[in-house]
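Student: I would like to work through this structure one question at a time. Please end each answer on the value or name I ask for.

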Amino acid sequence: MECRVLSIQSHVVRGYVGNKSASFPLQVLGFEVDSINSVQFSNHTGYSHWKGQVLTADELHVLYEGIKLNNVHHYDYVLTGYTRDTSFLEMVVDIVQELKRANPNLVYVCDPVLGDHGSMYVPQNLYPVYKNKVVPVADIITPNQFEAELLTGKTISTEKDAVEVMDLLHAMGPDTVVITSSDLPPRLGDRFLVSLGSQRHVRPDGSRTTQRVRIEVPKVDAVFVGTGDLFAAMLLAWTHHYPNDLKTACEKTFSVMHHVIQRTISYAHDLAGPGRRPSPPQLELRMVQSKADIEDPAIVTEATVIS
Amino acid sequence: MECRVLSIQSHVVRGYVGNKSALFPLQVLGFEVDSINSVQFSNHTGYAHWKGQVLTAEELNVLYEGIKLNKVNHYDYILTGYSRDTSFLEMVVDIIQELKKANPSLVYVCDPVMGDHVIYNNCFLFLHEKILLPVYRDKVVPLADILTPNQFEAELLTGRKINTQEDAIEVMDLLHKMGPETVVLTSTDLLSKHGDKFLVALGSQKLTKPDGTNSNQKICMDIPKVDAVFVGTGDLFAAMLLAWTHLHPKDLKTACEKTVSVMHHVIHRTITYANDVAGPGKRPSPAQLELRMVQSKADIENPSVVVEAKVL
């Protein structure tokens with residue numbers, strides 16, 4: 001498999017978020033990963049302390065120029081996640097547009113990180129950039145419910161609402177949308193949460209078809225960081241292997257997440273000791289220990305095809 | 001295996017040098033790797049063009065401070081390679097000294113990159129010889145536990161020339177006296193008994209037996225030469241020597257056989273691919289010669305031994 005990804009995300013010295021979360025699993029699956037580190041921090045910002053440096057939009061451009069001058073700016077995928085800076089995000093859009101001109105088949109996988117649980121945790125002025133510039137050039141997006149509602153201006157109270165929101169997102173650009181988590185009531189009980197996916201295809205005869213799936217995943221009683229980044233990377237990988245089968249791509253992706261998270265929470269509890277809540281360092285994803293699950297995830301969550 | 005490495009090396013957006021060369025193979029072997037990127041460049045400097053940014057000594061210290069404030073400055077290994085900047089190197093030394101106080105069993109794997117007789121340009125050679133040598137010789141090497149100099153670097157550090165195998169052994173002993181208990185001369189100009197298509201590498205490890213006495217294992221390897229210039233192979237070598245000496249701590253012979261064998265598999269996969277991509281009769285470009293790292297995962301995990309080390 002000759003498949004090259006450009007991933008533009010954070011780098012942390014210690015732990016697994018951003019490029020640290022995305023690179024290893026993609027490489028383990030045989031992808032060539034070029035990575036531009038948008039920041040270099042000691043660790044993620046959920047620890048008591050964090051220190052480091054950020055890359056400016058100009059510096060991003062300089063790195064891209066180097067790639068371009070060598071005539072190696074040919075990618076099959078671009079992957080982006082958490083960004084705090086509008087000028088940086090706009091430079092990313094310029095780069096994606098140029099890369100799409102160099103390779104019209106390029107697939108841009110975008111996690112439109114804006115917030116969660118009702119509030120934004122990036123600066124407000126990123127919202128119009130995502131809505132008007134980023135999402136229109138994305139091919140695969142992985143918003144949570146809050147981000148999906150924000151981008152479309154429509155709230156999700158029922159599965160029907162979610163389907164409409166995903167259709168609105170399709171109309172904005174991406175052919176593949178996965179709402180990574182929602183507040184919809186799970187059929188399997190309140191220990192689960194509901195995710196949904198939607199993929200538009202154009203048939204050989206030119207007509208359009210949409211496959212929609214619903215997945216219920218077990219909730220875990222802990223706050224993980226980097227799981228969204230791992231999710232987007234693995235969705236990239238599994239939609240690459242199953243380009244017309246969102247059901248299978250989602251089952252594999254959600255299953256990998258499950259294995260990594262379970263391994264992590266067990267280890268974290270062991271380290272923390274009985275009755276104690278694990279700390280952020282203890283809750284770092286057990287990424288290297290999960291290599292076998294990443295390579296070949298046993299399916300533990302089934303996706304149901306919905307209307 | 002719970003083993004945490006701090007690797008302070010370059011990052012390139014594209015390709016496999018520095019941390020890009022070291023991380024994936026170490027992670028594949030189950031090591032937790034924390035990485036500080038000393039630079040971020042678009043690609044290595046053997047391409048026609050390169051662009052990017054460097055980390056200052058102060059910025060390095062800031063990153064380390066973050067790790068320390070969270071009380072997670074506990075490492076089993078440190079790994080360093082190519083450095084251009086004496087103040088950066090001196091900050092690295094300070095950090096290692098502090099980390100060794102936090103964990104006295106910490107092992108510092110150091111590739112004392114100063115050049116090679118096959119150099120990219122004279123300027124590179126000059127800078128390193130004059131400017132970095134004193135820092136490596138007086139501050140870095142004394143802290144190192146495992147050292148991977150080539151012949152040129154070993155000669156610079158000890159002030160001794162290597163013309164014979166006996167010279168090489170004496171130089172490794174001098175290097176032991178400077179600090180590191182494990183020394184691998186990654187390549188030399190010594191004549192191989194297998195002919196000129198091979199190069200000679202040597203290794204030496206000092207061990208303290210349970211009864212307190214010292215022993216010393218010395219080995220020699222004849223490694224097939226490859227007709228191409230690779231970049232990042234030294235970084236991969238140091239990372240894999242870290243891994244295989246960790247897994248075979250008192251057996252330099254086996255550690256070196258595995259390390260050199262991994263190199264062989266990766267290099268061969270790379271040269272085959274590069275020649276295919278370049279086409280018949282054409283010399284592959286630097287971009288085409290990037291190590292086939294992710295494609296070599298199985299060899300990294302479990303290298304079949306293709307080069308044997310002879311115990312001297």
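This is a predicted model: local features need pLDDT of at least 70, side-chain atom pairs count only at pLDDT 80 or more; totals for chains, interfaces and linings use all residues.

Student: Is Asn71(A) buried or exposed?
Tutor: The cut-off for exposed is over 50% relative accessible area. Asn71(A) has 52% relative accessibility, so its class is exposed.

Student: What is the phi of Asn71(A)?
Tutor: Asn71(A) is not a glycine, yet its phi is positive. The value is about 60 degrees.

Student: Where in chain B is Lys71(B) found, and what is its phi?
Tutor: Lys71(B) is in the loop of chain B between α2 (57-69) and β4 (77-80). Lys71(B) is not a glycine either, and its phi is positive, at about 60 degrees.

Student: Why does Lys71(B) count as exposed?
Tutor: Exposed requires over 50% relative accessible area. Lys71(B) counts as exposed because its relative accessibility is 66%.

Student: Which loop of chain A holds Pro274(A), and what is its relative accessibility?
Tutor: Pro274(A) lies between α8 (246-272) and α9 (291-295) of chain A. Pro274(A) counts as exposed, since its relative accessibility is 81%.

Student: How many Å in space separate Pro274(A) from Ser42(A)?
Tutor: In sequence, Pro274(A) and Ser42(A) are 232 residues apart. From C-alpha to C-alpha, the distance is 29 Å.

Student: How many helices and strands does each chain have?
Tutor: Chain A has 9 helices and 12 strands. For chain B the counts are 9 helices and 10 strands.

Student: What radius of gyration does chain A have against the globule rule?
Tutor: For 307 residues, a compact globule would be near 19 Å, so chain A agrees with the rule. The C-alpha trace of chain A spans about 55 × 50 × 40 Å along its principal axes. Its radius of gyration is 19 Å.

Student: And what radius of gyration does chain B have?
Tutor: The C-alpha trace of chain B spans about 55 × 45 × 40 Å along its principal axes. A compact globule of 312 residues would have a radius near 20 Å, with which chain B agrees. The radius of gyration of chain B is 19 Å.

Student: What share of the residues in each chain counts as buried?
Tutor: Buried means under 20% relative accessible area. In chain B, with 312 residues, the share is 58%.

Student: What share of the accessible surface of chain B belongs to carbon and sulfur atoms?
Tutor: Chain A exposes about 12100 Å², with 50% supplied by carbon and sulfur atoms. The surface of chain B comes to about 12700 Å². Of this, the share of carbon and sulfur atoms is 53%.

Student: How far apart are the centres of the positive and negative side chains in chain B?
Tutor: In chain A, the mean positions of 27 positive and 35 negative charges are 3 Å apart. Chain B has 30 positive and 36 negative side chains. The centres of these two sets in chain B are separated by 2 Å.

Student: Which residues touch the most other members of the largest nonpolar core?
Tutor: This core has 92 residues. The residues in question are Leu26(A), Met234(A), Leu26(B) and Met240(B).

Student: Which residues does Met234(A) touch, leaving out those up to four places away in sequence?
Tutor: A contact here needs heavy atoms within 4.5 Å. On that basis Met234(A) touches Thr253(A), Val256(A), Ile294(A), Pro25(A), Leu26(A) and Leu29(A).

Key:
Residues are numbered from 1 along each chain as its sequence is written. Chains are lettered from A and ligands numbered from 1 in the order in which they are written. Side-chain values use heavy atoms; hydrogens and water are left out. Helices (H or I, at least four residues) and strands (E, at least two) are DSSP runs, numbered from the N terminus. The radius of gyration is taken over C-alpha atoms; the globule rule is 2.2 Å times the number of residues to the power 0.38. Accessible areas come from the Shrake-Rupley method with a 1.4 Å probe; for residues, only the protein chains shown count as cover. Lys and Arg count as positive and Asp and Glu as negative; His and the chain ends are not counted. The place of a charge is taken as NZ of Lys, CZ of Arg, CG of Asp or CD of Glu. A nonpolar core is a set of buried Ala, Val, Leu, Ile, Met, Phe, Trp, Tyr and Cys residues joined through side-chain atoms within 4.5 Å. Buried means under 20% relative accessible area, exposed over 50%, partly exposed in between (1.4 Å probe, protein chains only).
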